[in-house]
Amino acid sequence: MRGSCVRVLYQETSAVPDVPDDVVPPTASTADAPAVVGAVVVAIDGPAGSGKSSVARRVAERLGLPHVDTGALYRAATLAVLRAGADPTDEADCAAVVADTVLERHAGRTLLDGEDVEDEIRGPDVTASVSAVSAHAAVRDALLAAQRGAVAEEGGVVEGRDIGSVVLPDADVKVFLTASVRERARRRAAQLGRDDLEDLEREIVARDTADGGREVAPMQVAEDAWVLDSSELDLDAVVASVVERVVEQVAARPRDPLRARRALPRVAVVGRPNVGKSTLVNRILGARVAIVEEKPGVTRDRTEHPAEWLGRHFLVVDTGGWEHQAEGMAARIVDQAEAAVAAADLVVFVVDATVGALEDDERYARLLRRSRVPVLLVANKVDNDRQEALVHELYGLGLGAAHPVSARHGRGVGDLLDEVLAALPTAADQAPAVSTVPRVAIVGKPNVGKSSLFNRLLGEERSIVDSVAHTTRDAVDTMAEIDGEPWVFVDTAGMRRRYRHGEETELYSVDRTRAAIESADLVLFLLDASEPLGEQDQRLAALLREAGRGVVLVCNKWDLVDEDRRLDLEKELDRLLSFAAWAPRVNISAASGRGLRRLLPQLRTVWDNYRRRVPTREVNRLVEEAVARHPLPRQGQKNLKIRYATQAEVAPPRFLLFANGRLPASYRRYLERELRERHDFTGVPLTIEDRPPSPRQRR
Ligand SMILES: Nc1ncnc2c1ncn2[C@@H]1O[C@H](COP(=O)(O)OP(=O)(O)OP(=O)(O)O)[C@@H](O)[C@H]1O
Ligand SMILES: Nc1ccn([C@@H]2O[C@H](COP(=O)(O)O)[C@@H](O)[C@H]2O)c(=O)n1
């Protein structure tokens, strides 16, 4: 059997290697896929000939997103059915054909079992039968995960009939593109060079009726879709309004750090060679459809695949076999497996239950126990009840009870996936809500005066409203009202003192400070102005640089600073905080209270700036004017162009530039300076990202 699976690839592919039964190998690669930052998903549904493909392709091009033509998949599946001589109205026949077919899309072409069929699927025979084939639940099921997976990482502009309602109900923007039947027939006639308008109208109505009247996933206007009637609009006007809509939507999207930092949680499947990892991965990906994808910079020894279970999406990372003291190629595989563990949110450690725990399994278990990643131990090859007893022998690995599965037969895999979901972080776990009350972390090396500053800030008339202890560590956040305004001070327990070896020390650690900074909006970075700045200050500055929070620099012990020290300090500060020239500075003496009057107003200003939003129109005007003053450089043969600009996020502000190539960092810095000149972003880091076209669009 040629593999009991439909493989649907939306990536550039090389030759498809021979594969053993039920193993889907990684074959695709994206040369330099853009980072998963602010991936946008645009769904464009609509009736036949309404302009979906033309609009989706251009919108994708303009926004630097992949274009996903789902109709091409149904058309290719239909061609396979016709070629097999199967009956397009017979669900079982169609499903059987589709299950034994390899469908690929790359560079705008459609391949059926390796053959380019892009032109043939657009012909009248396929068009006449495609509605019948696509009405079958079994066919739709087979293609569903592939369509979702196609946008799981990079986002994309996806066109079809049920994208906004069924395939991607969480799409950022949903457009239902329509036009009168007469207009669509006219356009089609022009496109195909036909003049039988009435026949064309009849064909269009027949396809709309079938697609809108079927029981499964009919064509329909999704509840939150924007209906755009293009009967009296030309193509450019339609494209411009869709792009504008997307840009506005992205700008209005609430801050979502999970999405911004990493799209999906990762589950790494690891274990010795031949314990059944790949078979398990294929089971997890779903019996019949997998988008096989290689990540840039990742060799075939470690591949990532979008997967879904009970409506939740995650990435499954398939790794090569782990061996102790491996050399050469095997050593590289081990490196990749270890890297996969380090980057994972959850590790599925597979052991062959029929041979029990070998020395290498024990070594690997020790390594995993030391890692901070949660681990699910899986006993594979448990094909029947009798073999369940084998599981108990794996307790000795110290990773808890093993989950018995048979990856080959699917036994126990559903239960395992339930466990995977339970162990994975949810979006709610990872994405702190947008703050309405500012959260402030006071950070600085031990004994720099954090507690004194905190007490001074709160003063006598100010009331502590509440202190909330976290459950996982002894951090305490303090909510306080200062001059009638609520503030949260993060991890105030970290400022407390404790005794160790007879000495008073602070509860201080870099990890703890990092956690405090990450959970805050604003940071008061406290330095001892009276002493040379040292290594600990540098370490904290590095944390600040990474975290991208609002910052007020506080130079404490100012009463001890003489003229010589002041001159040295300026130089030291220039070096230490060269990346944060935007941070305001207040010199204080927390002990005497001198200078403190100025601190709270600064903090308020930074808080306002941190949430500042510049309207899209204004951002575009500013960029246009900046480009007019300093034209963009050429990139090879191409004139670089910024097509749109928008502020995609607040708190902290993030700007997106949709360009036709990579903008030099120096140019982004220039635009940052322009933004700061016209808008008050004192105290706030600005991120200026460009979104060049995806590799597929560059071809
Ligand atoms: N707003 C428009 N004004 C004029 N022509 C248009 C407009 N939109 C699309 N067209 C033209 O109409 C024709 C059909 O468009 P297109 O193939 O993109 O439709 P479609 O919705 O993808 O069709 P199908 O569902 O059959 O695949 C193309 O020649 C396209 O250039
Ligand atoms: N999401 C989708 C996309 C398409 N179909 C079916 O495929 C036919 C061809 O689509 P085109 O966009 O290429 O015209 C279409 O008529 C539908 O029957 C679908 O069902 N769902």
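Let us start with one pair of side chains: Glu183 and Arg187 form a salt bridge, with their closest N and O atoms 3.1 Å apart. A salt bridge here is a side-chain nitrogen of Lys or Arg within 4 Å of a carboxyl oxygen of Asp or Glu. Because they stand four residues apart in helix α7 (residues 181-192), Glu183 and Arg187 are separated by about one helical turn. Helices (H or I, at least four residues) and strands (E, at least two) are DSSP runs, numbered from the N terminus. Glu183 counts as buried at 17% relative accessibility, while Arg187, at 26%, is partly exposed. Buried means under 20% relative accessible area, exposed over 50%, and partly exposed in between (1.4 Å probe, protein chains only).

Before going on, please note that this is a predicted model, in which local features need pLDDT of at least 70 and side-chain atom pairs count only at pLDDT 80 or more, while totals for chains, interfaces and linings use all residues. Residues are numbered from 1 along each chain as its sequence is written, chains are lettered from A and ligands numbered from 1 in the order in which they are written, and side-chain values use heavy atoms, with hydrogens and water left out.

How many salt bridges does a search of the whole structure find? The search gives 40. One of them joins Arg105 to Glu118, with 3.1 Å between the closest N and O atoms. This pair links distant parts of the chain, 13 residues apart: Arg105 sits in strand β4 (residues 102-106), and Glu118 in the loop between β6 (115-116) and α4 (124-134). Both Arg105 and Glu118 are buried. Elsewhere, Arg676 and Glu672 meet in a salt bridge of 3.0 Å, N to O. These two lie four residues apart in helix α22 (residues 665-678), about one turn of the helix. Salt bridges with shared partners also join Asp69, Arg105, Glu118 and Arg122 into one network.

The largest nonpolar core has 49 residues, and Leu453, Leu457, Phe489, Leu524 and Leu599 have the most contacts inside it. Such a core is a set of buried Ala, Val, Leu, Ile, Met, Phe, Trp, Tyr and Cys residues joined through side-chain atoms within 4.5 Å. Helix α20 (residues 599-610) provides the largest share of this core, six residues. Apart from it lies another core of 28 residues, including Trp558 and Leu576.

Now turn to the ligands. Around ligand 2 there are 16 residues (each with a heavy atom within 4 Å of it), and among those that come nearest are Arg75 and Asp162. A polar side-chain atom of Arg75 lies 2.7 Å from an oxygen atom of ligand 2, and an N or O atom in the side chain of Asp162 is 2.9 Å from a nitrogen atom of the ligand. The protein covers 97% of the 450 Å² of accessible area that ligand 2 has on its own (Shrake-Rupley method with a 1.4 Å probe). Helix α2 gives the most to this shell, with four residues.

Ligand 1 has 17 residues around it, with Lys52, Ser53, Ser54, Arg188 and Leu233 coming nearest. A polar side-chain atom of Arg207 lies 2.9 Å from an oxygen atom of ligand 1, and a polar backbone atom of Leu233 is 2.9 Å from a nitrogen atom of ligand 1. For ligand 1, the protein covers 83% of the 630 Å² of accessible area that it has on its own. Helices α1 (52-63), α7 and α9 (235-252) each supply at least two residues of the shell around ligand 1.

How values were computed:
Polar contact = N/O pair within 3.5 Å; in protein donor to acceptor, adjacent residues only side chain to side chain.
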